[in-house]
Amino acid sequence: MAVDSVLSSPLGPPACEKDAKALHFIEEMTRNADSVQERVLGEILGRNAETEYLQRFGLYGATDRATFKSKIPAITYEDLQPEIQRIANGDRSPILSSDPISEFLTSSGTSAGERKLMPTIQEELDRRQLLYSLLMPVMNLYVPGLDKGKGLYFLFVKSETKTPGGLLARPVLTSYYRSDHFKTRPYDPYNVYTSPNEAILCFDSFQSMYTQMLCGLLEQQHVLRVGAVFASGLLRAIRFLQLNWPQLTHDIRTGTLNAKVTDPSIRQCMEGRLKPNQELADFVISECSKENWGGIITRIWPNTKYLDVIVTGAMAQYIPTLNYYSAGLPLACTMYASSECYFGLNLNPMCKPSEVSYTIMPNMAYFEFLPHEPDSPCSTQAKLVDLADVEVGKDYELVITTYAGLYRYRVGDILRVAGFHNSGPQFHFVRRKNVLLSIDSDKTDEAELQKAVENASRLLRESSGSSVVEYTSYADTKTIPGHYVVYWELMVNEPTSSPDDEVLSRCCLAMEESLNSVYRQCRVADGSIGPLEIRVVKSGTFEELMDYAISRGASINQYKVPRCVSFPPIMELLDSRVVSAHFSSLLPHWTPERRR
């Protein structure tokens, strides 16, 4: 029941007193965005005044904005890499932060093919927890009764390693799920999951997914929302159900757990949950054995009110498939975060995906914005703008200064100002800077793709004498899991020695071996990306592509072959010219250890 009291919020009537306090906090932060930002910067600079990094640039204890902006440069990861490597190697002096670096968070963005290492400190967990605590109070404004059921969320940990100096290096969500903030979280009727902690914390992705899906099926009448972090993860769960429903329904019918689930903690926690249920098993079989899987989510979990997944940026490509499997349930994007920092939340989570905007919470870090004008030769020298001074309709690159020791760090996200809530700006996520292809958490840029094509082309020349004349690519998300497709037009010197399937399959593998470690982890450990595909097209196809572009107004003098395509007529043209398609039957090499 909504709370109508002095704590009532302009955002709407809160569901309970705890929600009222959270909504009041959001109002307070966004009403005073600029003064909160000034305080945050002062705190960061004050506590880190003695660090080597700030001393190097002559800050000498100053905590005001003007001195900070005049002395400290905007930087990228590559600028900071020497300091990060020293910390990773065991240097415990206050290089970036006066607080000890507690671990490294591995970013899905890469540098030299390896995940970036983002330093963090223990208290950052409190800030992340704070942002999480604001999500349900906002959602309860739009969807009543979420305390009467549970959430079926597919959540996973990924492998973690140690740096040479002994610090843990792992993804931000793995860090959070393995922390006491998550494992010993207090009971909250608005935030109950069907998945037990033991399943979420299991490093074996099959055992984890199997147990989480089984628990979701056992509690199918209690599920009110279904989610994963990314849209691709939820679709992977649906595909898992398609492949494994016979074993899952056997477990439900017999009250026993699949022998492939060997994790002792999972087996122990499932003993009290699994009891023979013939009726439920028959129901799941009747739904899953149908040829048409349209609306399968609402058929199996009929009380589901919305899907909680990120469908902004590269994940927008999955919206049609999610709509198919959910019979058009609302898609809720609740928060905006990265390994570097948690940024903000969506104050209207039930809006259309195309209308999603995130309100930056000014207490999380100090935020600046670099005007993004890709056609301007001086865009990187543009003056950085404060959070309260951004302009509606303009695009900016996000720049952050964090408590953990990142100073004027360029995150690489391009955001567009959609409006304001009080004095706090709201942003559309436009895209990641320079990302060409993305299926899951992978991010492949043009330089990486070019290098992969060059390595595979070398193998092609050595094996058959043929060469790649032109290429383009796209992320195919019609398959589950999705996969990279690369179109090749070849020059075959000797018709009798044209490359066969075995050679082109090896070229597929050579490309995958050349891609970054996040891509290879998704392929090998997570199974969230399918095998890369090379489609060989007829000679002259890329000339036709140019003719089509020119017919639509492109300049013949300035035309360049796009290295990634998504426009349907261009896709149709390319696919109509395909003469053969090839995949690798092998997996690329990947281990959790970083390359030295």
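The lining of the largest cavity is made up, by class, of five nonpolar, six polar and five charged residues, where Ala, Val, Leu, Ile, Met, Phe, Trp, Tyr, Cys and Pro count as nonpolar, Asp, Glu, Lys and Arg as charged, and the others, Gly among them, as polar. The model is predicted, so local features need pLDDT of at least 70 and side-chain atom pairs count only at pLDDT 80 or more, while totals for chains, interfaces and linings use all residues. Residues are numbered from 1 along each chain as its sequence is written, and side-chain values use heavy atoms, with hydrogens and water left out.

**Cavities**

A cavity is a set of points, on a 1 Å grid over the protein atoms alone, where a 1.4 Å probe fits but cannot get out, and its lining residues have an atom within 4 Å of a point. Grid points are joined across faces, edges and corners, and a volume is the space filled by probe spheres set on the points. By this rule there are five cavities of 30 Å³ or more, and the largest has a volume of about 170 Å³. Its lining has 16 residues, of which Thr106, Arg115, Gln521, Trp590 and Pro592 lie nearest the centre of the cavity. Strand E2 (114-120) and helix H18 (517-526) are the elements that give two or more residues to this lining, and H18 gives the most, with three residues. Helices (H or I, at least four residues) and strands (E, at least two) are DSSP runs, numbered from the N terminus.

**Nonpolar cores**

A nonpolar core is a set of buried Ala, Val, Leu, Ile, Met, Phe, Trp, Tyr and Cys residues joined through side-chain atoms within 4.5 Å; buried means under 20% relative accessible area, exposed over 50%, and partly exposed in between (1.4 Å probe, protein chains only). The largest core has 169 residues, and Leu241, Phe367, Trp488 and Met511 touch the most other members. Helix H11 (residues 231-254) supplies the largest share of this core, 10 residues. Leaving aside residues up to four places away in sequence, Leu241 touches Met213, Leu217, Leu248, Cys288, Trp293, Ile300 and Trp301, contact meaning heavy atoms within 4.5 Å. A second, separate core has 14 residues, including Tyr487 and Ile570.

**Aromatic pairs**

Rings of Phe, Tyr and Trp (its six-membered ring) pair if their centres lie within 6.5 Å, and planes under 30 degrees apart count as stacked, over 60 as edge-to-face and the rest as tilted. The whole structure holds 21 aromatic pairs, two of which are set out below.

| Pair | Centres apart | Planes | Class |
|---|---|---|---|
| Phe206 and Phe240 | 5.6 Å | 55 degrees | tilted |
| Tyr474 and Tyr487 | 6.1 Å | 20 degrees | stacked |

Phe206 lies in helix H10 (residues 205-218) and Phe240 in helix H11, so their pair ties together parts that are 34 residues apart in sequence. Phe206 is partly exposed at 26% relative accessibility, whereas Phe240 is buried at 11%. Tyr474 in strand E19 (residues 467-476) and Tyr487 in strand E20 (residues 483-491) tie together parts that are 13 residues apart in sequence; Tyr474 is buried at 7% relative accessibility, and Tyr487 is buried at 0%. One aromatic cluster is formed by Tyr132, Tyr176, Tyr177, Phe182 and Tyr342.

**Backbone features**

The loop between E19 and E20 contains Pro481, which is joined to Ile480 by a cis peptide bond with omega about -5 degrees. Tyr60, a residue other than glycine, has a positive phi near 50 degrees and is exposed at 64% relative accessibility. Ala327 has a positive phi near 60 degrees, lies in the loop between helix H15 (319-326) and strand E8 (331-332), and is exposed at 57% relative accessible area.

Methods: On a 1 Å grid over the protein atoms alone, a cavity is a set of points where a 1.4 Å probe fits but cannot get out, and a pocket is an open set with protein on both sides within 12 Å along at least five of seven lines; lining residues have an atom within 4 Å of a point.
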